[in-house]
Structure formats: structure tokens, C-alpha cells
Amino acid sequence: FMSQHLVFANCIPLVLKFFNQNIMAYIGSKNNIALLDYPSCVIGEQPELTAETLEVGDTSVYCWRNMASCINLLRVLNKLTKWKHSRIMMLVVFKSAPILKRTLKVKHAMLQLYVL
């Protein structure tokens with residue numbers, strides 16, 4: 001019932017439009033402060049927040065929030081099209097193959113699993 005409403009609200013083209021951007025730049029963008037990030041701000045001793053400590057960058061390759069949002073959007077797309085022939089044909093009409101193929105270039109196992 002919920003997936004039918006999402007399809008009627010054009011969720012499939014919106015998700016594909018989201019993945020049609022430069023996904024490598026989106027995942028690689030650093031838009032968080034490591035000291036205020038969830039696991040580190042709750043566990044352990046908290047350093048004093050100064051200008052120098054805020055500038056200390058994170059050493060990870062990608063932003064985990066952006067990666068999680070991409071994975072969750074792919075899960076929604078998978079749920080919407082699973083076992084529905086007409087919705088899979090919508091993916092063909094919207095030319096999703098090159099969009100999803102570009103998304104496969106991200107070297108993350110869970111993301112690649114949901115793209116396939």
C-alpha cells in the first residue's frame with residue numbers, strides 16, 4: 001500500500017534523478033565535524049571545542065551519512081521494483097541503466113549489492 005503511493009508520487013524518477021548527479025563527489029564530500037559526529041561525541045572524553053579542533057579533518061574516504069542515504073535510497077528503489085514487472089519497465093523507460101552503472105563505481109560492498 002505504501003509503495004503504491006510512493007510510485008504514484010513519482011518516487012522512482014526522483015530516486016533516479018538523485019543518482020544522476022556526480023555520486024562520487026557527493027559521497028566523498030566532507031560536510032561533518034568529526035568531534036561533533038555521533039559516535040565520538042557520546043563515547044569517551046570530550047575535548048574543548050576551539051577553532052583548531054574544529055578544523056581537524058576526518059581521515060575517512062567518504063562521509064558515512066551520505067553513503068547511508070545512498071544505500072537507503074537504493075533499498076527503497078529495490079523495494080518498489082521487486083517482483084513488479086510494470087515498475088521494472090518504468091526503470092527501462094527512465095533509462096536507469098547508465099545511471100545505476102555510474103553508481104557501481106563507488107567502492108562500497110553494500111552499495112554495490114543494492115545497485116545490482
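User: At roughly what angle do the axes of helix α6 (residues 64–81) and helix α7 (residues 85–93) cross?

Analyst: This is a predicted model, in which local features need pLDDT of at least 70, side-chain atom pairs count only at pLDDT 80 or more, and totals for chains, interfaces and linings use all residues. Helices (H or I, at least four residues) and strands (E, at least two) are DSSP runs numbered from the N terminus, while axes are lines fitted to C-alpha atoms, for helices over the stretch in contact, with angles running from 0 to 180 degrees between N-to-C directions. The axes of α6 and α7 come within 8 Å, and they cross at roughly 125°.

User: Which orientation class do α6 and α7 therefore fall into?

Analyst: Angles under 35 degrees count as roughly parallel, over 145 as roughly antiparallel, 65 to 115 as roughly perpendicular and the rest as oblique. The crossing angle of α6 and α7 is roughly 125°. The two helices are therefore classed as oblique.

User: Which residues of α7 meet α6, and how do the residues of this contact divide?

Analyst: Contact means heavy atoms within 4.5 Å. For the division, Ala, Val, Leu, Ile, Met, Phe, Trp, Tyr, Cys and Pro count as nonpolar, Asp, Glu, Lys and Arg as charged, and the others, Gly among them, as polar. The residues of the contact of α6 with α7 divide into four nonpolar, one polar and one charged.

User: What is the handedness of the crossing of α2 and α6?

Analyst: The axes of helix α2 (residues 11–19) and α6 come within 10 Å and cross at roughly 145°. A crossing is left-handed if the near helix is turned anticlockwise from the far one by less than a right angle, and right-handed if clockwise. The crossing of α2 and α6 is left-handed.

User: How many residues of the contact of α2 with α6 are nonpolar, polar and charged?

Analyst: On the α2 side, Cys11, Ile12, Val15, Leu16, Phe18 and Phe19 take part. They meet Cys70, Leu73, Leu74, Val76, Leu77, Leu80 and Thr81 in α6. The residues of this contact divide into 12 nonpolar, one polar and no charged.

User: Is Ile12 buried or exposed?

Analyst: Ile12 is in helix α2, and, leaving aside residues up to four places away in sequence, it touches Val7, Leu77, Leu80, Thr81, Arg87, Met90, Leu91 and Phe94. Buried means under 20% relative accessible area, exposed over 50%, and partly exposed in between (1.4 Å probe, protein chains only). With a relative accessible area of 1%, Ile12 is buried.

User: How many disulfides does a search of the whole structure find?

Analyst: A disulfide is a covalent bond between the sulfur atoms of two cysteines. The search looks for a pair of cysteine sulfur atoms within 2.5 Å. Cys11 is buried, with a relative accessible area of 13%, and Cys70 is buried at 0%. The number of disulfides found in the whole structure is zero.

User: How far apart in space are Gln4 and Leu80, C-alpha to C-alpha?

Analyst: Gln4 is found in helix α1 (residues 2–8) and is partly exposed, with a relative accessible area of 37%. Gln4 and Leu80 are 76 residues apart in sequence, and their C-alpha to C-alpha distance is 8.0 Å.

User: Near what value is phi of Lys95?

Analyst: Most residues other than glycine have a negative phi. Lys95 lies in the loop between α7 and α8 and is exposed, at 61% relative accessibility. Phi of Lys95 is positive, near 55°.

User: Which residues does Thr103 touch, not counting residues up to four places away in sequence?

Analyst: Thr103 is in helix α8 and is buried, with a relative accessible area of 0%. Side-chain values use heavy atoms, with hydrogens and water left out, and residues are numbered from 1 along each chain as its sequence is written. Beyond those up to four places away in sequence, Thr103 touches Phe19, Ile23, Leu74, Leu111 and Val115.

User: What percentage of the residues of the chain count as buried?

Analyst: The chain has nine helices and zero strands. Of its 116 residues, the buried percentage is 25%.
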